[in-house]
Structures are given as structure tokens and as C-alpha cells.
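The stops below run one after another.

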Amino acid sequence: MANPRGHPKVLVLLPLLLVLLGLPPQTHGYLEDRDPVYLEAKVGSYVILNCPVDFPKNDPIPYVLHWNKDNKPVFTLYDGVLNSYETFLGRVTLLNNDLVYGKASLNLTSIRESDNGWYECKVIFPNRVPNKRNNGTWFHISVLGGTLLKIPPVNSTVLEGDPAFFKCLAQNPETMFIDWFKDNVSLLEMYDLVRRSTFGPDGSLMISPTQMSDLGFYKCVVRNHFNDTQDATAFLNVQYKAKVIYAPKEVYLPFGEPAVLDCHFRSNPPLTNLRWEKDGFLFDPYNVQGVFYKRNGSIYFEKVDDAHAGRYACTPYNELGTDGSSPIINVIVQKPPYFILKPKLLYVTKIGSTVEMHCDARDRDGTHVPQITWIKKDGSMLPHGRYQINGGNLTLEEIAESDRGIYACQATNEAATISADAEIMIENVSPRAPYNLTGNSSDTAITLRWAPGYIRQYLEYIIWYRPTDGIEWRTFKVSNKHMLEATITNLQPAKEYEFMVLCQDNYGDGMFSKAFRYFTKPREFEQPETFQDTLLQFNQIGSPLNLTIEKRNSHFEAHWQPPELGLDQLRYYILRWWIEPQHKLHGSVTTPEISHTFEDLDEDELYTFQVFAMSTTNYTSGSNEVEVYVYPYKKVKAMTVSGVLILLICLAVICMLLYMKRNRMKKLREAENVKI
């Protein structure tokens, strides 16, 4: 066998020959056990080159990162300095803080045809011998052919006022057309932006000068004579100094109530500081009792008083600085209104009669009359032509069935709005049932929505449902009384169900809605031809078995057994618990385990527990329900300890009294002996 050292030309030409054959170059003694990774990408898309770093003994130490393409540098990281080369500027991002990919991984965006080829990731430890370990690998990117785009646009960051440039080069500029869009809207429809834009003969786009409103996604669409299209998108990030965009001349704050004073600003990069001034001096909420900063820089007054009035100004800052302070905001403290006459809570009337509801309010100074308005709480309008508002009084004439419901008298001044409710009930007219039922479904659930028949302070809704071919009705109680929708789960795919909504008040009176029918969706299969058994298409996951709740030391534990049917389709379990008898959902947790520990159960409460199995096809199946009463151990313990302490105190007092009585008797005897 010939000595390879005697043929240097062969050694030089060997890597080139491997590249031409589509094989990764070989590096002796380095990564010889790691296979290359083959990737495909379209022009304008992106690829992630995942390159883990294997630190010696898993202890991070300084390293140098090299990324090469066809033996030419693409990206380097040395001593914290990042460098991108040539055509890769602005298109390469290091993913060293990502939890999914390795610390030497790259995100290569805006793929071009010239990106086709072999890429090498190489990690070197300069302070260690040997300086290489099993780090890095080879990647081959194949840029898919048949594209219209040759060079797509690249993400760009500019300062406001500077020009922004996007390159978009077609394969054949003479026979292809290029259109530009911003946030999926044609630039030709945006007059201000197109007035500041210049379109180059090669399809490029330049915006000058840029404004902060230009921030967004810009899409280049290439179209040929056959009306085939291809597009690529790039993001324009316009940075500017933090600036105030709006400041009211006057702001009224309600005396004795909490309030917020906002500074309306925009900032890119994000806000780093916001300074407030009051009456020309720095205003620091940290030094003022009852005044706090909110996360967005606004001032929160816990309880407004006269000392909070004044002339305020805010100045926002970011990494680039500030565009200046806001105009002066004159803060006026005004006392909110109060009712001197409220409407009755309930007005009972008949159809065709007249109802007059009285309402009046004053400001706290007792002189100014606030603005008084009336609204209907269900959002509908007051009956046209049949109502009059005189001062604060509302008069409804020729009462109709549609007039029943809850009305609100609202008193408003510059500081606050207060409200008082009144309900109109009509004799011999039963409450209207829920109506206008609509639905939306998945393969195992149906979401039902409805409009309320009437609005009262205390109403609850119960859903009655069953399969249309079934006999037995099931019920579902809506836990939130203000919700007008509910989702019924554990249904069968491709099956029709019948629903009715029952609305009840405090006395249990109510009416059913009209019956409503709706289908669940059929289950979708990506490859139905692979199913040999037709019954397997309707295979569903079974219910978890034998749910138990046990008391262990200071907490409760839930245990259950996995379902017997469809265990291979199990995604996770959903454990829910409700407070009874309100049947109010108290908590929910997802877990892949068959047990769970409860740390937050309230004492002296009755709970209902149920666990559901969720399949990979989003089918859920519930277990048996278990009721558990949480004994008030802490309360009883506290009462016991208190009782023992009280008993000990009483015993101590009795002993002290007996001791004092004994000393007194002893002194009396001694005194009698002295007299004798």
C-alpha cells in the first residue's frame, strides 16, 4: 500500500472530490462517530442547525465556535464577540440560550439558492488539552428547486428616520413581476407608506424616511406569466426614543376612591425608566404613602385625597433615550356623586299600564347635579316613543312584555359613575325561556350558546342533553351564573344530540328552551386505509377506574387505575374537583400519573372529585365521582388549644385566689392571737 504522505496532491483533491459527490468531508480524529444531518429548505424559509456542546465533565468552560460552509467561514463566536460573514449578515442567529437546541446551534433565515451545500460546526476549547471533544457535526442543506425567488428579503432593524432596504431578486427579472405587502395589505393601498417608498428595477424596496408605524412584516410576492407565485417575508423593526403620544389637559380623580394616572407612551426598545414630576418637582411614589408605581409606569393612588391634585408631567426613557416630557396634565380631585333618591328594587305592573321610577343624585358638595342616565342591563334600547326621562326619573308608558327586566340609573360626574338597579316584573306573564341556541362541536364535545330569556340578579342554568336515539336525559350545571355558554364533553363522534337549557331563579322557578339538535364531528384519520378492522375507527378511550381520595397526614391524595380500553391512546389525565352543593369548579390539574396530592383544599367544605382520561384524539372519558368532606382540623385544633389555654388560665386564677384567701385567713388568726 502506498504511503499517502508521498501524494500531497491526492490529499488536497480528496475533500473537493467528496463535496462534488455530495459526501461530507472527513476529518480524522474528529467527530468520526457522528453521522451528518441532511436538511431541505425552500427559498425564503429557514433551517435550524442543531449543534450540541459536550463540555468536559459537564462543567461549562470557555470555548470558540466556528461554523464553516464549504471550508469558508459563516459564523464565529470568540470571547463573546459574534461575527457573520459575507452573504450571511443579518440572517444568522445563535441559539445558545434555547432549551431545546444545543449551545452551538444556528438559525439560518431567508434561505437563498446559494445556501446549498455542506456546513460544519466546530467547537474548540482553547484552555484545554486536547482542545477538541465530540462536539459539532456536519450538515447538508438542499435548497429545493423550481423556485421563482433567487434572493429573499432579510429582517432589518433601523432607527426612525433612517432608510430601510429590502432586497427581493427574482430568477428572471425580465419576465417576472414583484408585488410588496405590509402585514398582508398591499403597499399600494397604504398612501403614506407608498409615498415614502421606492421600488428598484430588480424588485427591491426602500423606505425613506422610516416612521415608527412602519414596523411590521413585509412580504415580497414574485409572479410569472403563468400566474405562479412564490413569496418570502421579512420583519422591519423600527427603533426610536421613548415618546409620549397623548396627554390629556385635565384628569379628574374621585375623592376617597382608588384611581390611576396614566402616561400614554410608545417605546422601542422597551421602556427602561419613567419619571414623573408634580408641580415642577420630581414625584417619587416610593416616598409618598398610598401611592404606587404600576408595571407600565402609571401612578396608582390607593385612596385619592386633595393632596394628590396638581400639575403632573411624565418622561419615558429607553436604551436610546427620550423624546421629551409630556405636556402638563392638570389633575383635579373631585368627589364622586351619591344618590339622594334611589329607585325601588322591584316594580310589579301589568301590560298596558305606566311605570315611573324615581332617581336623583348630587355631588359631594351638595350643589352640582351630576348627569343622570337610564339603561337596560341586557343591552337592549329603551322602548322607542314610550319612555320619558324627566330630571332623574324614568317613565315607561304602555308597558309591553319586552319591557320586563333590570334597569339601571347611572349618575356620572367627571370623577366617577355610580349605579342603582331596579327590576320590572309583569303580572300574569311567565318568564321567558332561554332562546336562540347555537352550537359548535368537535368529535367528542359540543359547545352550546344561548341568549337569556330575561335577566335577574340570581339565575342559574342547567343543560339537559341526550342522544336523539336515547331515552335517558343527562344534566350539566353551569358553574358560572354569568356565562351564557357551556361545553358538554364525553360525547360520541358523528352522533346527533338533543339539548334544552333550563333557567332557574332562587325559588326554583324557570322554563326550558326549545329543543336544539346538533351533531358531533366525525373523527378524522390521516390514513384511513391502514385500518383493517372497521370497528377500530370508533375505538374510544375507557374511563379511569376506582378513583379514591385518602387522607394522609396534613393533605389528601387521589389515586386511580388506568382505563382498560385504549390505554395506548392515553395522552394525560385531567383531575377536577367541585365545591358542593353549589357545584362550583374549585380546581383542575393535568397529570400523566395515576395519583395527585392536594395541598390547597379548604376546610369545612364538601368536595366532589372526578378524573378524566384524555386520548390523543381529544376524546375524554370520566371516572366515578367521589364526595369527600374536609374536616375542619385546624379550626377544631385552634378551638381545642384555646379551650385548654382558657382552662389553664382559669385554674391559675382559682389557685391564686385560694392562695390569697389562705394568706388572709392566716393573717386574721395571727391578729386574734396578738389581741389575746
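**Before you start**

This is a predicted model, in which local features need pLDDT of at least 70, side-chain atom pairs count only at pLDDT 80 or more, and totals for chains, interfaces and linings use all residues. Residues are numbered from 1 along each chain as its sequence is written, and side-chain values use heavy atoms, with hydrogens and water left out.

**Stop 1: the whole chain**

Show the protein chain as a cartoon. It has 3 helices and 53 strands. Both are DSSP runs numbered from the N terminus: helices are H or I with at least four residues, strands are E with at least two. Of the 676 residues, 38% count as buried. Buried means under 20% relative accessible area, exposed means over 50%, and partly exposed lies in between, using a 1.4 Å probe and protein chains only. Now think about contacts, meaning heavy atoms within 4.5 Å. Among contacts between residues at least 6 apart in sequence, 62% join residues at least 24 apart.

**Stop 2: the largest nonpolar core**

Select Leu65, Trp67, Phe75, Tyr119 and Tyr218. These have the most contacts inside the largest nonpolar core, which has 47 residues. Such a core is a set of buried Ala, Val, Leu, Ile, Met, Phe, Trp, Tyr and Cys residues joined through side-chain atoms within 4.5 Å. Strand β19 (residues 229-246) gives the largest share of this core, 4 residues. Domain 1 (37-144) and domain 2 (149-239) each supply at least three residues to this core. The domain bounds come from an automatic or database domain assignment.

Stay on Trp67. Which residues does Trp67 touch, beyond those up to four places away in sequence? They are Leu49, Cys51, Lys72, Pro73, Val74, Phe75, Ala104, Leu106, Tyr119, Glu120, Cys121 and Phe139.

**Stop 3: the cavity**

A cavity is a set of points, on a 1 Å grid over the protein atoms alone, where a 1.4 Å probe fits but cannot get out; lining residues have an atom within 4 Å of a point. The count comes to 1 cavity of 30 Å³ or more. Volumes are the space filled by probe spheres set on the grid points, which are joined across faces, edges and corners.

**Stop 4: two buried loop residues**

Select Ser110, in the loop between β7 (106-108) and β8 (117-124). Is Ser110 buried or exposed? At 5% relative accessibility, Ser110 is buried. Ser110 touches Gly44, Ser45, Arg91, Asp115, Pro152, Pro153 and Val154, leaving out residues up to four places away in sequence.

Next, select Leu187, in the loop between β15 (185-186) and α2 (191-195). Leu187 is buried, at 1% relative accessibility. Its contacts beyond four places in sequence include Trp180, Phe199, Leu205 and Tyr218. Draw a distance from Leu187 to Tyr218: the C-alpha atoms are separated by 9.2 Å, with the residues 31 apart along the chain.

**Stop 5: backbone details**

Select Ser208 and Pro209. A cis peptide bond joins them, with omega about -5°. Pro209 is in the loop between β17 (205-207) and β18 (216-223).

Move to Asn268 and Pro269. The peptide bond from Asn268 to Pro269 is also cis, with omega near 10°. Pro269 sits in the loop between β22 (264-268) and β23 (273-278).

Now Asp279, in the loop between β23 and β24 (281-283). Phi of Asp279 is near 55°, a positive value in a residue other than glycine. Asp279 is partly exposed, at 41% relative accessible area.

Glu398 lies in the loop between β35 (393-396) and β36 (405-412). Phi of Glu398 is near 50°, again positive in a residue other than glycine. Glu398 is exposed, at 55% relative accessibility.

**Stop 6: the largest pocket**

Finish with Tyr465, Phe476, Thr487, Ile488 and Thr489. Of the 34 residues that line the largest pocket, these lie nearest its centre. A pocket is an open set of points with protein on both sides within 12 Å along at least five of seven lines. Its volume is about 980 Å³. Elements giving two or more residues to the lining include β40 (460-467), β48 (570-580) and β51 (605-615). The lining divides into 14 nonpolar, 13 polar and 7 charged residues. Why does the pocket lie between domain 5 (435-520) and domain 6 (545-630)? Because both domains give residues to its lining.

Definitions and conventions
Ala, Val, Leu, Ile, Met, Phe, Trp, Tyr, Cys and Pro count as nonpolar, Asp, Glu, Lys and Arg as charged, and the others, Gly among them, as polar.
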